[in-house]
Each structure stands twice: as C-alpha cells, then as structure tokens.
Amino acid sequence: MPEPTKKDETPNGEKVWSLGEGQAPEDLDKPVDTPPLSSLLIERPQGGSITVGGDISFVAKVEAQDLLRKPTIKWFKGKWMDLASKTGKHLQLKETFDRRTKIHTFEMHIIKAKDNYAGNYRCEVTYKDKFDSCSFDLEVKELEQSQSVDIRSAFKRSSEGHEDAGDLDFSGLLKHREPKQDETPEVDVWEILKSARPDQYEKIAFEYGITDLRGLLKRLKKTKKEEKKSEAFAKKLDPAYQADKGGKIRLVVDLADPTVELKWYKNGQEIRPTPKFIFEQKGTQRILVINNCGLNDDAAYSVAAGEEKCTTELFVKELPVKITKGIEAVKTTVNERIELECEVSEEGAQVKWCKNGVEVPTGPRSRYRVKSDGLKHWLIIDDASKEDTGTFSLMASGGTSEAKVQVELKPLKIIQDLQDMTVLLGQPLKMHCEIFPGNVPGRWYRNGQLIQSNDRINILQRAKNHRLEIVNSTLHDAGDYTFVPEGYSQSLCAKIHIVDPPRVHLESLNFPDNTVTIVAGNKLRVEIPISGEPAPRVVWMKGERVILDSGHRVRAETFPDHTSLTIDIAEKEDTGNYKIVLQNEAGEAGASVKVKVVDIPDPPEVPLVTEVGGDWCSMTWEPPIYDGGSPILGYFIERKKKQSSRWMRLNFDLNKETTFEPKKMIEGVPYEVRVFAVNAIGVSKPSEPSKAFVPLAVTSEPTMLVVDDVTDTTVTMKWRPPDTIGAAGLDGYLVEYCIEGTDDWRVTNKELTEKTKYTITGLPPEAKILVRVRAINAAGASTPRTLQHSILVKEVIEPPKIRIPRHLKQTYTRKVGEAVNLVIPFMGKPRPKVSWLKEGQTVDPTQVTIRNTDCDSIIFIRKAERKHSGMYDMKVEVENHVDTAIVDIQIVDLPGPPQCVKIDEVWGGNVALDWTPPKDNGNAAITGYTIQKADKKTMEWYTCIEHYHRTCITITELVVGNEYYFRIYSENMVGLSEGATQTKDSALIVKEGMQLKNPEYIDHDFKEPPKFTQPLINTFAIAGYNATLNCSVRANPRPKVIWMKNKIAIIDDPRYRMFSNQGVCTLEIRKPSPYDGGMYSCKAINDLGDALVECKLEVKVPTQD
C-alpha cells in the first residue's frame, strides 16, 4: 500500500499527516491505481478540506436489494478510534433508508471543526460474512489572520460567545472592524507575549486593555515554538508509512553529514542486511527497502545517526481476496456427479463453501469433497441426491459467489403394481411388480423395515421385473409391503394376510402326564403356548365351571401367543382337571391340564447350642410340627458368622438325627446356626437362627481394683478392664463381697454391669468387708480380682467448701419486679447443713424461698422488691467444720424527681438553673439529669440536654421575647424518674442593644505554579501486562495535565487511560508491546506557569524456555 502523504503545514509549523491511500514522495508523478467498487458500498465517502470552525459531511450508500436486514456501519479515525462514542455537538452520525430505491444512506457530520480534527478516517460496512471498507482524508486549514486585526479588540469578552467563550471571538471581531482598514496596530502584542515570561501575561493584558485573559492564554498555548533544526538529518522519516501485504516500501532519510554512522532499528532491534531488508545510498539519502511486506513487518522503525534518532511507523494492509470467476448454476438428476468451480485472485487463499448460508461439512465421512489448484477451487458431489438441491456459495474475504444447484428425479412408469394377498401359514408367498425404466434397482420394506435376502427370502430383478419370494410363510410375514425404486419418491404397496387354524402346544411344557404340581400357599401361573391367525378365542373350564379373566384368586388370561391360568394362593381344593377350548375362523382345538397341590414341611424349631468348645459346638433341635404331607427325609444344617450374611452348608448328605456337632470354627468369632427340614416335596424354610455363640476362653482378671468412696452403708469400687479380653469381647462385670473372716461371698449385682465403677449398698455400719470383681463373657467368668485389704464401712468426713460463682462475688443487682434465682454450689461429706441469714436475722420464708440439695443451695425471689435488698449470709456445716459466704443483693427502682428547681439568673438569651438531688434515689446512684424547656404560649416541652451530671446549668440560645418554664428529670441505672420538678417562676428573655464589630481579615493567596512533588521513575514493563506511570503535582489553580510519548501528546488513544486524583497523575498502558517503549513525559500547566517530568519505559518480551 502507498505511504502516507504529507498534506500541508499549519501557520504554527505543525505538519498534517493522513493515513489514507497516498503515495511515497518519489512516486508522486506515478498514477494512483483506483481500486474497483466493493460489493456493498455503491457510493464511498470522499476526502475534503475545510477551515477551522467550518462544517463538512461525508456520505456512504449501501444498496439493500439483496440484503435481508440493515447492514452494520462503523466510522473510525486513524487505526483504532471508534467515533460512535464521540458523538456530540461537534460530531453527528445519521442513518436513512429510501424504500423506493432500496438504498441505505449513512452520513457523518463534523460541525465547527477544530485543527486537531484533521487526519485519516475509515468507514467499515459489514453484513453477515460480507465486509467492505473505505478510507478518506480530512484537512483542516487555519484561518488567515489579517494583519489589520487588533488583537486587543479580539480578546475583549463579548456576550455572543456561548460555547466558544475564552477562544478568539471572530464574530465580534468581524462586526466591529472598519470596512476599509488598512492600518496595522501600533504595537504587536503577539510578539510581546511570545517573548514575555508567563508571570507577566496578566500585566501585559491589563496594559493593552485585553479583558479575556483566559482566551488569550488558551490561544497562546496553541502557538508552538519552532523546533530546533536537526544537526544530523536534513530530512527525517515521515511519521507513518503504509504498504500492502506482499508489496515493497522504501523508508528514505536525508543526512546533513554523509559521513556519520547510520543504523536502522525495528521495534528497538537493529536491522541487518538481508534479502528482505536492503540498504541503499543515493548521495546524502539513505534508503531502507523492505521487500515482500508481511503482517509481522507492521512495527515501529527508527534510524540513528550518531546521537540523534528519528522514528516512524509502518502499517501493513492485507488486501482482500476477490473472486475473478464465479460459480455457474447446475441442473442435473440423482446419482450424477456435480462439480462447482470458482477462481479467486490469490493462490492459497482461505475460502469457505456454504449451502443455503450454512458451511458445508468436508470431513472424511462427508459426501462433499473440496479441491484447490492454484487460483481455482472446486466443490465435488460424487453421488447427487434430491437433498443436494439449494444455493451453494463460495465466500472469500473480498466477496462472495453464489449459484443454484437443482437435482431432480428421473421419470418413473408403473407397468404392473403390487397386489394384496391372503396366504395360508406355511405356504409360499410370491410378490411381483413391473416398472420402467428397467435398470432401476429398488428396495423391499415390510412395515417400514428393510428386507434382506436369506435362505428363506429371495429378492429377484430381471430388467423391468422385480420379485419377492418367501418359501414358507410365517405369521411375521404378514403386514404392509412396499417396493421403493432407488432415487424416486414413488413407491408400490400391498397388504399381505397370513391365516392359521388354532392349536394348543402342550408338548412345550414338559409336564409328565400334563400334570402340574404346586406347593400350597404359593402362586401358580401356567402359561400354555397357542397359535392361530386370526387370534383364537380361549375358554378355561374346571368341570362345568368357566374360569373368567376377572376372577379374584383363580383367573384365566389370554395373550396373542399364549394363554395362562393363575392361582394367587394355591389350596388343596384347587387340585383337579382344567380344560382349554380354542376357537377362530379357521377351526377349533382343545386340551386339558391336571393341577396337583402339595406343600413342604414347616421349618424346625430354633436350634439350641448346648455346649461350646474352642472350635466346635454341640447343637440340638425339635422336628417340625407339620411335615407337608410327606415324611421327613432328613435335615440340612447351615452356619454363618454373625456379622456376615452368607450361610454355609455343613452337610451335603441328609442328617437323619436331630443333633449335630459343627466343627472347624474360628476361635473368637461369633456364629449362628439354623436347620432345614427336607421331605419328598422339597426343603423347608430355615429355622430361626440360634442365639449367637462364640467359641472362646474366658478373659483375664480385672486390674487396678481400688476404693472410690465409703459411707456408713455403702462402698464404691473402681477398677480397670482386663489386660486380655480376647475376640469374644466383654459382657460385663460381677461384683462380690464377704465379711472379713468368712468365705461367704455374696453377689451384689444381679445383672452384669458394663461400667468399671459400682456401689455396694446395704452394708452393716462399721463392718469390715473384702471385695472382688470378675469379668464375664460368653465363655464364662474370669479369675476374680480381690482387694488385698479389708474396708471399714464408715463414712469419711470431708470439710465443707462453698463455691461462690464469679458474678456473685460482687453486688448482684436486679430491678424491682424481676425474678431472683441464685444457685450457690458447695462440697462436703456427709451431707452438709445449710443455713441463711439476712442482716443477722433469719430469712423470712414468705418473702424468700430457699431450697437446699446435697451439692448446692438455691435462693429464689419470684418478684423482687426494694425490701429484699441486703447482705445474705450463707453457712455450711459438717459436724464441727463450718464454711461461710456473703451474697450482696441490691434491688433498684426508678428515682424520684429533683428538689427545689429554681431560676438563679436571666441575662441576654441565657438562663441559669439550680436544683438539689432527689430525696429518693431508687436504691441506686443518680447518674444524670434531663432538662426540658417550654414556651409559656404553647407549653410544649423540648429537651435541652440529657445525662447531665451537675446540679446547676446555664441554658443558652433562648429566643428573645419569649417566656420559658423549665423542668428536670432525675436518672439512675433503671431510667428516668416518673415525674419531673418544674420551676415555679418563668424566665422572660428581654432584648438588649448590642453592637458587633466584625474583624477584618486579609485573604491568603494560595496560588502557585505547578511543581512536581514526586517525579516519574524509569520503568520496565512485560509485554502483554498492563503498566502504569505515576507522579504527583501541586498547583493552584488546578493545572491541566498532558501526557506525551516521545514529546508527542497522547490524545484519544484507546490503549492509554489517564487518571488524576488529589494531585496524583497516573497513565495506564494497556497490554504494552515493544513498540510502546520510549520516553514518556507529564506536563502540568496553569495560569502561573508549567512543569515537566520525564521517564523512560522499556517493554521486554518474555522468553519461553
């Protein structure tokens, strides 16, 4: 693509560059190739030129003849800036649609253009997969200022400058100038301002009568100083270049000193000569030629001559792939081959084939194949079908080609159609039809299912004749038959009926003498296969009684292929001969079945395990009460582990006796056994499992037997479990005792105790006893553990001890009416004696309820009153041992009102009050007072102050001329007193004359020029991760902050975000690339001056190991 074109220079020396379709400086004399019109835009916006403050419009038109909905249009400035978010009073976007001509019109209006509006603009139109774009330039020229204009009158404020207030008032200037004024101002104020310091601007403006200082400064800032002429470069690189993908671009720089060393860089990396990068030299010109430009060549380039450097940007544009030869329409019939051919403008281009707007699948199993050779692309369908009819299209980045494909069926003529037939079961079935053309294959279907040839079915085709032959017809051969010629929508149909006389198939039951034996109480269901077409009518009979299908316990049911007799609960009366009768159109058949009801014996009684050994046991049981009508032949015995659900049979030969001895059991594992009874009918249900037993030895003796507690009649013992318990576990403990000197051991616990602590009761006082403990499990009792010394049955005295709760160690406070419930625990043996005193007097039981237990004492007052307050003395006695404690209970109530409230003094808008504390403080300290006032006219009370602690106060800010009364409430921890004490007299606020002299203050001047308190710091950034630059500035008035990259202001660039908060200035660079590296500067400007800080940013690309 050609390089950007240098348009013009502003009066201030600014260069206006566009990124449009221009030409390189050395190619200006060559003609510019105008690209062909796109497939969407029928009218493209054209570039233009206006002066500052002028209006201009750009128009783009799209034809909607073949579009189903409105296309999407976007307007851009430069490469990234979307103008949709910039609309306002200077930019407006409009859309219209002409229904008659079917044309969409899109307009962009620029109103009152400014000099920074100049540049390259782009219009993009998209519709589904179509895309078109167009670039155009806008040049904004400065107004030529007449030398006869007086700058002093230009910057005088006028009432007509609304939105442009503060800028040069050209309208006011033109209205007041003389028609013929050739004189020049006596003094050139511009030259004076340019050479003056910023702090002298206000003085000069005042001296020459310029009142609009803000507009003067704003205009003056736009006047840039002339750049210092470069010592190394006579002509630097252009700011930007643009090239087409695959094209060539020349970067030209003119040196002032041809002998200086020159180096070229791409994104900061030095460029070496290669076939792609060629260095040329023509006199003082140094040229970098880039051949075969690709997307990776879109970068920032720079050239260094000695210590000076100049930079530029190269933009590579990828040309759209256009269709040079479109697809041709195809009309064919089924089973034919279809080839769709299209030619594009670029080899190896990526294209997409679609059918009816949907991309065509081209996988290994797809019917579609795609082929390409150079510029040509093919879509191949080897075996066309009716479903391939539709619109096929090829989509490229620069256009779309469409063509219609129509696939039709070949004409079919039926010479002989299929005929409906009725065939006897087992007879051959032959079907025949004749169609034209004769070489068309077809498929046979029965009830929608495809028929395949096999040993019984033959499918034949001879020219126009098609046959289907079935050797032996079956009932499954009946149904709707269809012959479908391949590739046609027509089909031939016929219905086949198979007829069969009824039959009963008893031979399939394998019952001896057609007799069915059933155990009483079980459900009997006899299913007898039957056949016949159509389905026969079935009747079941027992004797002369017909069995219906609606019977409750005995019923007969009929299905298409069998009939069944069901007896839900078989009884002895159900034994007998059952007759079956079948009838249909083809004939009648009958048969009979005998039913015999028998039963198995009842299960034996629960087996009893009489003896247990290490790995065996001995068991016995009683025979079953009911043998099922047949003698008991023997028994089966099973056992299982208690935790398991799998039973294991112990004998495979019947055991004739009612005793058995299981062996080979695992010691320590609990087992269960059960028994089955067997007669000629079968095996009974199992008996209930025996009680679980464990073939184990007894445990070891308990350990660490000690005395825990002794009273006058009881002894409490404690011990530890045995060291060796075994797999059988531990059932419990047995505790025994005997009087010292005897061997009469008595069992104290009739039931085993699982705890390791037990209290022996009912002992004679002051007797000496011996105690022993045995561990009991399923194997028996262990060796006893005996206490080595005797125990004297006499209670041990424990001195009393009162445990006062922490919250009762200080005064316990409650309000009047609340409940008091205090629990004071204590210790002591034997049971201590507890007594309570209040203030040295016995507690009145009608006022205070006291309950005592073995370990605590409870004092309870249902509804507290103030008389319940006081010191409560608690005394706990055990024989001669005493312990005491004091509980202080305070019952509080609301206080009374204050006393003697009086007005001490009234002056100005102030009143001094004085009072004495209340007579009744509610049994609690007074915490404060609440003072209220009321106007004598309304007597509405308002609170002046709450929670006031003193007994005198001065009320201020009272209204002059009003007369006030005052009242005071007292307050304690319960709340405010119910009543208040009011002043007897009122206080009248009298107006007094006063004079107030306001002091004079000199305003401090806080203005100061900008000063950076925190400069920018050189920073390293990682490519792809956001980077921020921070600094802080102090100034008054608030300065304007300008961020610059390589001394070029950053304006409306979406890659940068700028923040300013409380003087902290932040520049955020979104996902930087190496191109974003360089010198960044921040400039702060206000009316008093400016300040500048700089830093260097380097962007590093992370390397992958």
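This is a predicted model: local features need pLDDT of at least 70, side-chain atom pairs count only at pLDDT 80 or more; totals for chains, interfaces and linings use all residues.
## Confidence

Averaged over the protein, the pLDDT comes to 83, with 90% of residues reaching 70 or more. Two stretches deserve a more careful eye. Residues 1-38 have a pLDDT below 50, and in the model this stretch makes 77 contacts beyond its near neighbours in sequence. Residues 158-185 also fall below 50, with 29 contacts of that kind.

E28 pairs with strand E29 (residues 399-408) in the antiparallel sense, over seven bridges. Here alanine 396 has glycine 399 in E29 as its bridge partner.

## Aromatic pairs and a cluster

There are twelve aromatic pairs in the structure. One of them joins tyrosine 368 and phenylalanine 392: the ring centres are 6.4 Å apart and the planes make an angle of 55°, a tilted arrangement. The two residues are 24 apart in the chain, tyrosine 368 in strand E26 (residues 368-373) and phenylalanine 392 in strand E28 (residues 390-396). Tyrosine 368 counts as buried at 10% relative accessibility, and phenylalanine 392 does too, at 0%.

Tryptophan 444 and phenylalanine 483 also make a tilted pair, with centres 5.0 Å apart and planes at 50°. Tryptophan 444 belongs to strand E33 (residues 442-446) and phenylalanine 483 to strand E37 (residues 479-485), so this pair ties together parts 39 residues apart in sequence. Both residues, tryptophan 444 and phenylalanine 483, are buried. Elsewhere, Phe58, Trp75, Tyr121 and Phe136 come together as one aromatic cluster.

## Arginines over rings

Arginine 122 lies over the face of phenylalanine 76, 4.7 Å from the ring centre. Arginine 649 places its charged end over the ring of phenylalanine 636, at 4.0 Å from the centre.

Most peptide bonds are trans, and most residues other than glycine have a negative phi.

The bond between glutamate 533 and proline 534 is cis, with omega about 0°; proline 534 falls in the loop between strand E40 (524-533) and strand E41 (537-542). The bond from lysine 829 to proline 830 is cis as well, with omega near -10°. Proline 830 is found in the loop between strand E64 (820-829) and strand E65 (833-838).

As for phi, histidine 947 has a positive value near 55°. This histidine 947 is part of strand E74 (residues 941-948) and is partly exposed, at 49% relative accessible area. Asparagine 1046 has a positive phi too, about 55°, but its place is the loop between strand E82 (1040-1045) and strand E83 (1048-1049). With a relative accessible area of 36%, asparagine 1046 is partly exposed.

How values were computed:
Residues are numbered from 1 along each chain as its sequence is written. Side-chain values use heavy atoms; hydrogens and water are left out. pLDDT is the predictor's confidence in each residue, from 0 to 100. Contact means heavy atoms within 4.5 Å. Rings of Phe, Tyr and Trp (its six-membered ring) pair if their centres lie within 6.5 Å; planes under 30 degrees apart count as stacked, over 60 as edge-to-face and the rest as tilted. Helices (H or I, at least four residues) and strands (E, at least two) are DSSP runs, numbered from the N terminus. Buried means under 20% relative accessible area, exposed over 50%, partly exposed in between (1.4 Å probe, protein chains only). A charge sits over a ring if NZ of Lys or CZ of Arg is within 6 Å of the ring centre and within 35 degrees of the ring normal. Two strands pair if DSSP finds at least two bridges between them.
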